[in-house]
Amino acid sequence: YRDSGVWCPYCERVQLLLELKKVPYSIFKDNMRCYGKKSDEYLTLVPSVMLPAVKIDGRLVTESLDIMFEIEREFPGPPYKPSIDVDDEAKMQSFHTFVRLERIMAGAWFNLVRGPMTNSAKTVDQFNATMDLVENAMKEYEGPFLLSYAEEGPSFVDCLFAPFVERIISSSAYWRSLDVLKDSPALSRWFSAMLDWPVFANHRSDDITHVLALPPQIGRVGMQGPRAEISTMIDRRRSLHVLSD
C-alpha cells in the first residue's frame, strides 16, 4: 500500500527494494493525509493511517524500514537478489552506520526547509555539516554503489538513500539556493549511478513536483537567500508546462 500521488519517499524506497530483489508484488494506493481522506478499507487495515504498509502472506507490516528488513528476511536469496551482505562483518558495520546517517540526513533536511527564518544560518550550517558526513561516508567506496561491487548493482542502502537525496537536491536548491552536489564528487558519482539504474530512473520524480509537494505536507516553506539560477529554471519550466498543458 502506497500513496496515490506516488511521491512519498518512504513508499518509494520500499518499492525500489522490491524491484531490486525482483519480488513479485501488487500495489494498492491510498491518499496521504495532506492530500485527501483515507479510504475506509485502509483505516480498518491500518488504524494509524501511516503509509506504506505491506501484506506478506496475509501478515501486515508497517514502517518503511521495518518493511524493508522484513522483505530481506522473507526473500533473502535466489531466486531473489540479496541486498544485504550479512556474512561480511565490515560491510554490516558500514550498513548500520549508513542506516543511522540516512535518518540524520533526513532530519537535517527537514530542519533546513521548515526551520524558522531567524535560525536560517544555523540550520544551513547544520545541514551542510551533515551533507559533509554523507560525502565522507560515500568516499570510502570506489564503486558507483554503496556496500556492493559494481557488477552487483545497488544494495539495500542505495534504495534507502535515493528517495531522500533526490528530494534534497531539488528542494534545497529551490528554497535555500544550495547545490548539494557541488564540491561533493562522491555523492555526485553515486547519484549519477543511481540515475543510470533504470528502476530508479523510472520511479523518481522531478524538480517541480518535489518543490510543490512539500508545503502541503510540512507547512509553509519560505524562500531564503538570493534566487539561484536553478530556482529560476524550475519556475520557468513550471510556467512552460502550464502554458503548453
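Biologist: Which residue takes a positive phi in the hairpin of β3 and β4?

Modeller: This is a predicted model, in which local features need pLDDT of at least 70, side-chain atom pairs count only at pLDDT 80 or more, and totals for chains, interfaces and linings use all residues. Residues are numbered from 1 along each chain as its sequence is written, and side-chain values use heavy atoms, without hydrogens and water. Strands are DSSP runs of E, at least two residues, and helices are runs of H or I, at least four, numbered from the N terminus. The hairpin has 2 residues between its strands, and the positive phi, near 55°, belongs to D57.

Biologist: In which sense do β3 and β4 pair, and over how many bridges?

Modeller: Pairing requires at least two DSSP bridges between two strands. V54 stands opposite V61 in β4. The sense is antiparallel, and the count is 4 bridges.

Biologist: Is S170 buried or exposed?

Modeller: S170 lies in helix α6, residues 156-176. Leaving out residues up to four places away in sequence, S170 touches D207, H210, V211 and I234; contact means heavy atoms within 4.5 Å. Buried means under 20% relative accessible area, exposed over 50%, partly exposed in between, with a 1.4 Å probe and protein chains only. At 2%, S170 is buried.

Biologist: Which side chain does the side chain of R2 join in a polar contact?

Modeller: R2 sits in strand β1, residues 2-3, and is buried at 6% relative accessibility. A polar contact is a pair of N or O atoms within 3.5 Å; within protein, one must be able to donate a hydrogen and the other to accept it, and residues adjacent in sequence count only if both atoms are side-chain atoms. Here the contact is 2.7 Å, and the partner is Q15.
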